[in-house]
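Dear colleague,

Please find below the structure that I am handing over to you, followed by an account of what was found in it.

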Number of protein chains: 2
Amino acid sequence: MTKVVTAEVTSTKKREGSGMRNESLRNQNLATMLRLLHLEGPSSRANLGRRTGLTRSAIGGMVNDLASFGLVEESAPNRDGTPGRPSPIVEPVARRNVVIGADLMVDSIGVAVVGLGGSVLHSIRRDRPRNQQRPEESVGYVCQLIQKLRSDLDPATRIFGVGVAVPGLIAKGTQRVLLAPNLKWENVDIEGLFRPAIADLPLFVGNDADVGVLAESRRGAAAGKSHVLYLSCEVGVGAGVISGGPLLSGARGFGGEVGHLPVNPDGQRCGCGAVGCLETEIGERAMLRRAGWPPDGGRQAVDEVLQAAASGSSDVINALLDHSRWLSIGLTGLINIFDVEIVVLGGLLGRLFPFIGDAVADELAVRVLPALRDTPIVPSAIGEDATLIGASELVWDTVLSDTVLGPLGRQA
Amino acid sequence: MTKVVTAEVTSTKKREGSGMRNESLRNQNLATMLRLLHLEGPSSRANLGRRTGLTRSAIGGMVNDLASFGLVEESAPNRDGTPGRPSPIVEPVARRNVVIGADLMVDSIGVAVVGLGGSVLHSIRRDRPRNQQRPEESVGYVCQLIQKLRSDLDPATRIFGVGVAVPGLIAKGTQRVLLAPNLKWENVDIEGLFRPAIADLPLFVGNDADVGVLAESRRGAAAGKSHVLYLSCEVGVGAGVISGGPLLSGARGFGGEVGHLPVNPDGQRCGCGAVGCLETEIGERAMLRRAGWPPDGGRQAVDEVLQAAASGSSDVINALLDHSRWLSIGLTGLINIFDVEIVVLGGLLGRLFPFIGDAVADELAVRVLPALRDTPIVPSAIGEDATLIGASELVWDTVLSDTVLGPLGRQA
DNA sequence: GCATGTTTGTATGCAATATGAACAAACCTT
DNA sequence: AAGGTTTGTTCATATTGCATACAAACATGC
């Protein structure tokens, strides 16, 4: 069985106030250093010093601490021909420090073991029938996959937690799914369903679009950018936004519900009760309807439409261009509101991109505020694994925070 | 002449990296403590300890430091009948530590002296002719007012900087106004115009709606809330958003330009080139048009409409209700996107609130996502001074940051 | 091949800062 | 007036990063 250290970690007494103690300093520095390694990969000691502004002594002490706890390893310096003593490369130890990422999507279920540094060590994806699979069944199946992956892990591997992505509204704080229309779930206690299988591992649940933007902004099409909008369609439409800081989650955790941005006062009635929501115009059903397929055709119909477009059917392509107009209207508002550096289209929108990308760009060049017209629109670069990687980042964010890392280092 | 300390303050060499030195600790603690006093008013030492989680010794040392530099003063404890030694009250010294807030609005110009803690010590507001007043004239007039207020100040008063609110696009970093359609300004170097009059005082320029949300979320209708949307109309329409952190400013500083959220595909052409922007539906011109006044009637026409509504003209009131429908559509999208705790309506929207508030609430109860329907919509509580107070908060934010406060304390 | 210059890791003394314990001060209740 | 409670003050202590000096490991030039 794999070793679990999180019990001690989470049991550490929390600092209630905002004041910083003497040890907060070290915790924070450990956190920023390890986060740097996690996000940007291996780095020389000297480079870490330059990035953090800390002295060689301080870096040295911290690297030793982290190494003695098995979080980083030092390897031979790069021989790059510069003069001076070469600086050893510090790298995060992915194989011994992992989290588990999972997603419960409409058409499939995925589980992955993600190492420190963001590498996907193992992953499994299985089809999921769309018709009425109850939460217990789906989650139970995910738990089976998790057990399978865990049994293959080296027993010395530390598992820091489990992150789960769900296409629905997640209430902040509580790990409950309030509503997932396209899974036909309502008020599901995800944590309760997972807990028996994962014992006391920390669990984090996130919206699929929210974790999508985490993945794309850290490892995907928006890598390195700090202002990112990720717009995704998995039957429904959702967005995740990062605007210069952490993920925008809103007061109750419902931030980014752009699927219900009103775009067409003359549009169809939406499941939410309103009229002309973005989701009713650019969701899967709308796309199928415009292309001439039955709106409830599901995954198979979507594949057929995409194939027809790929093989050059002008009817379908024109329908998709018509479809894209509403996407452009929605994007216009979002770009004007958020002023991001880049927009990433995921899910169905990413798959449609080859056919509608140019049309969208043309529309935006007219509609968007002049100062924001150069905002690039790109398809997802990670694709199917985006939600798995994003869900794991949910866990890493907590592991790499000052409050968790400090106590860890002290145990070493 | 008032003393200026900011030269030394700003000249402090910046820490380039993200690592924390030993002194960062004290700086950060000083900053959080003084920010607490600034935002929540006087507080006992013991309470400060509870809020920050720091020990009595630490609080004592910091209070002494801040007091010896004249930033705080201790006064007699509250006799509230609890046992134990009473704890002296620590309060920010407003009269000796101030910033200057200014605004250049469409119809008026305002300047205020705002003390530490947020109190408006003195303020002046003057009408501004709407027709083509050039930037040099407007700014020059503001500078005159600033000089006047400064000459009345105690010479021992420290002025930490000047904050200016402008209804236009402000490019991040540079203190330039790229575009202010309703002032008819384009690419104006605000800093250059101010610099001769304010010498080396730090200057901060912000969008009027952005500073508006700062004011309302700290001292106004949304006091204490951390997720706030402030939607304001001053001829044009703008919004400021706070979502759990600092002001959302976007990648280039154009965040919150919700005036150009598309709401009506069949609407009128907007100045930005697009069609049916929120601004063309709920801006001043649209309101006047619907009420039957000339769209370019300006402030006088607006006053007349409001008076007609107040005296019960059902034609005007019905026109305003019609008007409010589009406001509701815009608000629906914004509420669904941002998931805020409260929405504050400012400027013209705040003045219209008595007539349309109920209608808007009714519309939103149908349109907004069910989970978000309880989001309260309220009018601005600060009113005319919101931009002045908000502009000053722009300066205070910098003063109360760890990077500025540390060196200050060290001089004492 | 050796001397020189450059960059970096390591070791040691130092300064800054918050903690914790002991004590005194100032309030309440009885 | 006595006892209990809460808080400010003082001082020794632990933690942490910095500065300096020195050694190690590279490149370059003669």
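Helices (H or I, at least four residues) and strands (E, at least two) are taken here as DSSP runs, numbered from the N terminus. The model is a predicted one, in which local features need pLDDT of at least 70 and side-chain atom pairs count only at pLDDT 80 or more, while totals for chains, interfaces and linings use all residues. Residues are numbered from 1 along each chain as its sequence is written, and chains are lettered from A and ligands numbered from 1 in the order in which they are written.

I begin with the DNA. DNA strand D is surrounded by 28 residues, the closest being A:R85, B:R45, B:A46, B:G84 and B:R85. At least two residues each come from α2 (22–40) and α4 (56–68) of chain A and from α3 (45–52) and α4 (56–68) of chain B.

DNA strand C is likewise surrounded by 28 residues, and here the closest are A:R45, A:A46, A:G84, A:R85 and B:R85. The elements that supply at least two residues each are α3 (45–52) and α4 of chain A and α2 (22–40) and α4 of chain B.

As to the relation between the protein chains, a rotation of 180° with 0.0 Å of shift along its axis superposes chain A on chain B, with an RMSD of 0.1 Å (least squares on the C-alpha atoms of residues with pLDDT of at least 70 in both). The two copies are thus related as by a two-fold rotation axis. Within chain A, the residue that comes closest to this axis is A:V263, its C-alpha lying at 2.9 Å.

Lastly, I draw your attention to a hairpin in chain B. Strand β12 (residues 227–234) pairs with β13(B) in the antiparallel sense over 8 bridges, where pairing requires that DSSP finds at least two bridges between two strands. B:L229 has B:V241 as its bridge partner in β13(B). The hairpin has 1 residue between its strands, and B:V235 in the turn has a positive phi of about 65°. In β13 (residues 236–243) of chain B, 8 of the 8 residues are buried, so this strand is largely enclosed by the rest of the structure (buried: 20 or more other C-beta atoms within 10 Å of the residue's own, C-beta atoms being placed from the backbone).

With kind regards

How values were computed
A residue is near a molecule or strand if its C-beta atom, placed from the backbone, lies within 6 Å of it. A residue is buried if 20 or more other C-beta atoms lie within 10 Å of its own, exposed if 12 or fewer, and partly exposed in between; C-beta atoms are placed from the backbone.
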